[in-house]
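Please look over the chain shown below, with attention to its overall build and to one pair of packed helices. The briefing starts with the chain as a whole and then turns to that pair.

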Amino acid sequence: MHADTILLARTVELLNDPDIDTDPETDAAPGPRSHDRPHDRSHGRTLHGVAVTAGRITAVGPAEFLAPLRGPATTVHEFPDAAILPGLTDAHAHPVWGAISTGSGVDLSGAVTLDEVLARLADAAAGHPAAGHPADDWITGFDLDVNVFDGEPHGAFLAEHLPGRPVSLLTRDAHALVVSPRAVELSGLTGRESFTDASSVVVDGAGRPTGYVLELQAMDLVFAHYPEVPLDTAAAHVRAQLERFARSGLTGLHALDFGEPSEAVFRHLEERGELPLRVRCSPLVPADSTPDVWQRIAGLQGVGGRRWHVDGVKFMLDGTADNGTAWFEHPDVHGENREPLWRDTDAYRAAVRFFTERGIPTATHAIGDRAVRFALDVFEETGRAPRAPHRIEHLESVPDDLLPRFARLDVVAGLQPVHATRQTRADGTDNWSRRIGPERAARGWRTRDLLDHGAVVALGSDWPIGPGDPRVGLADCQLRRPVEEPDAAPVQPGQAVTAREAYRAMTVAAAYAAGADGELGRIAPGFTADLTVLAANPLDLDPGAQAVNPVLATVVGGAVQLHHHLGAAAPVTAPKDQP
């Protein structure tokens, strides 16, 4: 039978473990290498390729091996100097609320002083003057670096420069807001609110709200007063961001949330065409929620469309170290970072068991060492969900004794090293490092150590908190510094990984984390044809070159999307009406 599509390139990079060999021509059983030259690397000019039929890979090998599969209706894409890899998957992102927030807000990334923050807000205010009363037009922003404040963040400076205007700025970790006095007034914040999680409205010595709003339940009181974004506008923001993800090489992502308006947005988009990549959504189980809420969330499993679906759930066991809401064994320098978000930890234990017994895998946000330990203890009690392993996300500080437990318990470590490279500093002068101290900071984002202890490490961006371009994140985790800052000192350089390890963490490991390792993450016959085509094999490039390695195409379920880059070699394509 002839293939629907054949993709040819200089290299088909299987990303096998360096100690394992799989013959791409026969998909033979893995075994020790018998020679030094790997089967999945072409060192001459012979093209290698992948044949696809009905959305699945049917054959992998040299061009001459695939020639009999080429028929009059076969579309052939040739990328003579390129590399075909398993499709890259971001294992932790927030595409819907992230796209809506960034599409309608002021980008504060890179603003390192209050003056720079104010300058960007002033530009936004000038471009969108309030109609009538200033309260008619909110100014929202995202990616606010709390290090711009000398002390605790506050909103008073906004009243001085944007009087009467409701302003709400999302901090870089997305776990706090800095809001203006007018926004405090419109949101009805008093500082006397009570929450079932560790949220709070910070007050001054006189008991008045300072404009610093911590954690989700408190933030929701402000979000409720944001202007409504029409569905068409929200969907346009999401579509544009998904297309940017695809152009950067992603064929899939794990959305670790599924709140409003996610379902409406995805259905709206699929009524008008295909999503440019796959999205696996895991709804949030609110802290200290009750079994009736759990049952409703369990009922969402399997909801979906052609390229998106709900699978798994997410917990937030603690908050963030920057806000003082993470759960560490010992308090930080301010006496904070010592409590979980789930005030009733037995309820968290019961909720994890509830979903595990129903075959639903979980992902737990756990930043502090105590939170990571407690989550591992709970997973040891409940066991693995049949469909996929449990996951712990972020793992910002992990003591030595916890490292071997991940492999032993089959718990996936979901890491975002871009948080280390872009939110902390090697000299320890950043807020995160100052708060938790040098000993715990030295245990941060232990990618290398977890891999060496046999853990499955799946990499993500946490977009929009981290850069969404996977090439940037993959380069950062090899360098342990921002790839575009060659003079920056690396953060915990001993935790750097190799290029192969990094790319496996966004292919093989991401598929395993989703329980899809029999379908995705590999280039082998029978697997779904999700592929990323890069201008050069990233394993042959230094990290700086990897970050700008042009993406020539992405393939999702056999559907090829060509991405044209200035200066990149264009693919050679034979239409279906040619032999």
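Among the contacts in the chain (heavy atoms within 4.5 Å) with a separation of 6 or more, 75% join residues 24 or more positions apart. This is a predicted model, in which local features need pLDDT of at least 70 and side-chain atom pairs count only at pLDDT 80 or more, while totals for chains, interfaces and linings use all residues. Residues are numbered from 1 along each chain as its sequence is written, and side-chain values use heavy atoms, with hydrogens and water left out.

**Whole chain**
- The chain holds 20 helices and 23 strands, taken as DSSP runs (helices H or I, at least four residues; strands E, at least two) and numbered from the N terminus.
- Of its 579 residues, 57% count as buried, meaning under 20% relative accessible area with a 1.4 Å probe, protein chains only.
- The C-alpha trace spans about 80 × 55 × 50 Å along its principal axes.

**Helices H10 and H11**
- The axes of H10 (residues 345–357) and H11 (residues 369–382) come within 10 Å and cross at roughly 40°, the axes being lines fitted to C-alpha atoms over the stretch in contact, with angles from 0 to 180 degrees between N-to-C directions.
- H10 is therefore oblique to H11, since angles under 35 degrees count as roughly parallel, over 145 as roughly antiparallel, 65 to 115 as roughly perpendicular and the rest as oblique.
- On the H10 side the contact is made by Thr345, Tyr348, Arg349, Val352, Arg353 and Thr356, and on the H11 side by Phe374, Ala375, Val378, Phe379, Glu381 and Thr382.

Definitions and conventions:
Buried means under 20% relative accessible area, exposed over 50%, partly exposed in between (1.4 Å probe, protein chains only).
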